[in-house]
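Hi everyone, thanks for coming. Let me walk you through a few spots in this one, starting with a pair of helices.

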Amino acid sequence: MRGVRIAAAFACIAFQPAMVVAKDAAQQSPEAGSRTYLQNFKDMVLAECLATAYKHEPGASTDIGSSASALRDWTYYDMERAPDVIHALVAKYLARDYRNPIVESEVRDVKFDFLKCIDLYHGKELDAAAKKLVLRPNGTYRAEHSPKPQ
């Protein structure tokens, strides 16, 4: 009986990594299609802010810009008014002058652009803009575009 328990324990240990890999492999597409249009709009603005902040870092800018483009597909907003609002908010936040003398003494030319984008993401101005520009804030792409049963 003791041998069976030991074998069972070894089997659990041996198969645990396979189960983790199988679980991770199951999610192979972005989850944004399941998030609300309001959340995807805010995520898209964050991506735009980061892409703008890091436009001189080709790898980061390309990846973030591509992600922002993908997020546009999973949200439903006023596409005529939103670009101007988004660009104005991004410019306003990236123009902020954040300083930290301790960090600046160790690392030169720190602009804290990531923190500025996070502040934009969590700010009241983005919340207000999203409420005005997102047409169906609680809708999701997957709910509205899933295949209809026959």
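So, α4 and α7 run roughly antiparallel to each other, a label for angles over 145 degrees. Helix α7 covers residues 124-133, and the angle between the two is about 175 degrees with the axes 11 Å apart. From α4, the contact takes in Ala-82, Val-85, Leu-89, Lys-92 and Tyr-93, and α7 brings Glu-125, Leu-126, Ala-129 and Leu-133; contact here means heavy atoms within 4.5 Å. By type, that gives seven nonpolar residues, two charged and no polar.

A quick word on the background. This is a predicted model, where local features need pLDDT of at least 70 and side-chain atom pairs count only at pLDDT 80 or more, while totals for chains, interfaces and linings use all residues. Residues are numbered from 1 along each chain as its sequence is written, and side-chain values use heavy atoms, with hydrogens and water left out.

Now, Asp-78, which sits in the loop between α3 (58-73) and α4 (82-94). Is Asp-78 buried or exposed? Asp-78 is buried, at a relative accessible area of 19%, where buried means under 20% with a 1.4 Å probe, protein chains only. Its side chain reaches the backbone nitrogen of Glu-80 at 3.0 Å. The side chain of Asp-78 also makes a polar contact of 2.9 Å with that of Arg-81. Setting aside neighbours within four places in sequence, Asp-78 touches Pro-83, Leu-133 and Leu-135. And Leu-133, you'll remember, is one of the α7 residues in the contact with α4.

Technical notes:
Helices (H or I, at least four residues) and strands (E, at least two) are DSSP runs, numbered from the N terminus. Buried means under 20% relative accessible area, exposed over 50%, partly exposed in between (1.4 Å probe, protein chains only). A polar contact is a pair of N or O atoms within 3.5 Å; within protein, one must be able to donate a hydrogen and the other to accept it, and residues adjacent in sequence count only if both atoms are side-chain atoms. Axes are lines fitted to C-alpha atoms, for helices over the stretch in contact, and angles run from 0 to 180 degrees between N-to-C directions. Angles under 35 degrees count as roughly parallel, over 145 as roughly antiparallel, 65 to 115 as roughly perpendicular and the rest as oblique. Ala, Val, Leu, Ile, Met, Phe, Trp, Tyr, Cys and Pro count as nonpolar, Asp, Glu, Lys and Arg as charged, and the others, Gly among them, as polar.
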